[in-house]
Structures are given as structure tokens and as C-alpha cells.
Amino acid sequence: MSSGLRVSILGGGSAYTPGLIEGFIRMKDTVPLERLVLMDIDSRKLAIVGAMVKTMLEAEMPDTRLDLTQDRLEAIQDMDFILCQIRVGGLNARHIDESIPAQMGLVGQETTGPGGFAMALRTIPVMVDIARDIETHNPGAWLINYTNPTGLVAEAIYKACPIKEISICDEPMILQEALAGFVGVEPASLFMEYFGLNHLGWARRVMLRGNDILPVLRQTLQEVPGLNLDRVFGSDVMADPKAQMELENTLRIFRETGLLPSPYLQYYFFTDEIIRHQADSGRTRAQEVMELEKAILADFEEVTAGRKKPELKRGGRWHADMMIGLLGAIAQGSRSVYIVNVPNQGSMPELPYGKIVEVPAIVDASGSHAFAVGNMPASVRGLIQAVAAYEELTVEAALKGSRKHALEALACHPLVPSRETAKKLLDAYLSAHAEYLPQFVGS
Ligand code: G6P
Ligand code: MN
């Protein structure tokens, strides 16, 4: 590896990219960036986001070389790290993913439930292609993936084309930072005993100098019901209605169970409420994000033209800090602890080997070394095992274009009430997304 890192971002035209670049700027002394390549198939977004990134780099890191490209191989060759945040079919496809179950009175969410299934079928073949390109053209590079659905994508790559890869999600880090802020300590002084799958994980203990802080926190929340959540999570975060609902529900689950959940557990704990909320809002999250993205891109154009100061509204600090911190840990072999998505090699004895699990790991120059987190509490074991089976079948279906596995996958998802419903969902998805599902032709 050269002194500065050579990093590319596939899906670099995303509204999240400038937030990541802010992270590189914050950490420029510890994780210097020699070259940055932004790759995107959407030339318009690439141009807008690219210009914004250029403005940021010129002001803060003028020695970093920036290239914009629509050619994937250019973003793979000669790189140390390839970051990946693609969205196959864009937000229009996400809208379909979310609206088909919503119309059937089911949860319509991009990663959890039927929506995540459809997203996996579209995304997995493209991600495996990317992995194959890396294997052929730059096998020494690291793929850092945060393309959703992260756990399923990681599992497909691990099965079909195992390369140097770590998949990440910012949720566990968000919990850790929020808790640290609330308690008034540095995030690194907390150790989260976290276990599960992506968007389906729990911290069963959070250790601070030998003590688990969760029981005291739970007691505080029970005794102070009107606790000011702005103080816990920050008023910026709480100003976003989606984040507010997610975090309030996270604390509700924690109060009830004593385990600190991923915010995505709300879809399982408060399914009826969420479905009602969905129906009342009359819009999918995809539609909200489309609007948000439009405003963000317009803002970037204003900043680039020098008419406005940058103000990042998507991605944010946690996401960037986790990403850049992880790159630094690999590049410098610093042996830091991160909660990452990695193959189960005994970390979770109640899940199959090779299943991708979200657990703490030491990250160093050779990648991740997952901790053993042991058996799960019986109260959550069944849900995690059921979703693990759904994921395994979905990956199989996406890789093989197998209708049989696809139907089995949906039928055993806890948010799909019957095999009949699974059939209806599958037919609707296969026809609505046919252009992105060539593997299913004739199946
Ligand atoms: C969290 C999740 C990500 C997700 C993001 C945006 O950070 O961990 O997986 O992509 O939220 O969700 P949104 O609904 O705003 O697109
Ligand atoms: Mn995530």
C-alpha cells in the first residue's frame, strides 16, 4: 500500500458521498487519501456530487487526486479500497419494493421483510459481478460494502466469489455513540456485546470499565418516562420524523426487554402500528427519499456555485466515522473493534457456519477476526433463526434464479403471513422487476 490510500466509491453519485468525504477530511492526518475515484452509472448525479466533492477536496485536501468515471474497471484497478453503495434500479425500484407489500397490508420497507427480499434478488447478481471483477483485476484490494441488504449481499459474495471483503452498517455504531453521549463517556470506552444479523441485532450488555450499564439505563428510562430524547440522540437527529419514530421505538423495546435492539426490530415488535402508519402517510419511504435527494442535489449545486455553505443532510457523521475508521484499521493494522457483518465461524453456535452474522470483531491488516458471542437469549433466538433461514434461501434464489428457493424464502419470513401471500408477492415482484431479474427468466 502506498503512503496515502487509493480509494474508489462505486455508487459515488449518491447523496451520501459528501458526508463520507467529510469523514476523510476529519481524519486526513491519520488516514491520508492519495487518490479518490467516484464511479456511477448515473452521469447527472455523478457530475453534481463530483463537483461538490471537488470543492471540498480543493479546500481541505488539495493534494488528493479526484477522478470521476462511469467505467467500473477504472474504479477497481489500482485501488487499495473499493467502497460500494450501489442501488440497483435506483429509488424507483425501491418504491416498487416497498409499495407491493404495503398494498397487501404488509410492512413495506427496503431491507426488512418482502422489500428486502426483492432488493436482494436485484442486487446480488450485480454485487457478485463486482466481486468477480475485483478477483480478476485487483485481487489484493479490499471491498468495503454497505450496499443493502448488507447481510444478504455479503453472504452471496462469500458463497459465490470470496474476496477480501467486509460488509458494514452504521446502526450498531449509532447506538454506541448515542449511549456514550448519554452517559458522558468516549464511545471507545464502551464495549457492546452485540449479536445477530444485519438490521436484526441486539446488544445484550454494554460494558463500561467492568460494569454493564444497561440495567441502570433501563431503570432510568422506566423512572423518567418523559426523558428528553434530544439530549440522548441530539436535536438534529430528532428533528427527522423517521429517526424520531425509530429511536422512540428502539427505547420502547429496550424498556420492555432489557436488550438494546437494532432500530429495525420495530418492524417485528410494532408491526400493526407500522402498517397503520404506512397507510396513513400514503407514501413509501422511497418517495420521501426521492424528495430529500432532489433537495440535497440542488443544495450541492448551490454550494459548488459558491452561493451557499455546505450543510450535509444525508449520511452523517456516524456513517462516515465507521467507514473511514475501518479503512484506517485495515490500512494501519490498528486492531480496533468494530461491529461488522462477517461469516459465522463459530461466533454464533446456534446459526449455521458461513451464515453472515453481525458481531464485534477485531479489525486489522488481515481483515476481521470475529468474537464468539455465544448462545442467544431464548426470547429472541427464534426470530433470528427464522430470518437467518429466510436469508439463506433468498441468497440461494438470487444466485441461481430459482423460483422454488424464492418462494420458500418468502414463505418462511416472519412478516409474511402465509405461503399463499408469499406466492402473490413473488409473482408481483418477478413481473414488476423483470428487467433487473434476468436470472429468473424461464424459472
Ligand atoms: C440506516 C441504515 C441503512 C439505511 C439508512 C437510510 O443508516 O443502517 O442501511 O440505508 O439508514 O435509510 P433511508 O430510509 O433514509 O434511506
Ligand atoms: Mn444498515
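Is Arg 72 buried, partly exposed or exposed in this predicted model? Arg 72 is partly exposed, with a relative accessible area of 22%, where buried means under 20% relative accessible area, exposed over 50% and partly exposed in between (1.4 Å probe, protein chains only).

Residues are numbered from 1 along each chain as its sequence is written, and chains are lettered from A and ligands numbered from 1 in the order in which they are written. The model is predicted, so local features need pLDDT of at least 70 and side-chain atom pairs count only at pLDDT 80 or more, while totals for chains, interfaces and linings use all residues; side-chain values use heavy atoms, with hydrogens and water left out.

**View 1. The salt bridge between Asp 133 and Arg 72.** The side chains of these two residues meet at 3.0 Å, N to O, a salt bridge being a side-chain nitrogen of Lys or Arg within 4 Å of a carboxyl oxygen of Asp or Glu. Asp 133 belongs to helix α4 (residues 114-137), whereas Arg 72 sits in the loop between β3 (65-69) and β4 (81-84), so that the pair links distant parts of the chain, 61 residues apart. Helices (H or I, at least four residues) and strands (E, at least two) are DSSP runs, numbered from the N terminus.

**View 2. The salt bridge between Glu 288 and Arg 285.** The closest N and O atoms of this pair are 2.9 Å apart, and both residues lie in helix α13 (residues 285-304), 3 residues apart, about one turn of the helix. Glu 288 counts as partly exposed at 27% relative accessibility, while Arg 285 counts as buried at 17%.

**View 3. The salt bridge between Asp 364 and Arg 335.** Here the side chains meet at 3.3 Å, N to O. Asp 364 lies in strand β12 (residues 356-364) and Arg 335 in the loop between α14 (316-332) and β11 (336-343), so the pair ties together parts that are 29 residues apart in sequence. Asp 364 is buried, with a relative accessible area of 7%, but Arg 335 is exposed, with 60%.

**View 4. The largest nonpolar core around Leu 83 and Ile 144.** A nonpolar core is a set of buried Ala, Val, Leu, Ile, Met, Phe, Trp, Tyr and Cys residues joined through side-chain atoms within 4.5 Å. Of the 97 residues in this core, Leu 83 and Ile 144 touch the most other members, and the largest share, 9 residues, comes from helix α15 (residues 378-400).
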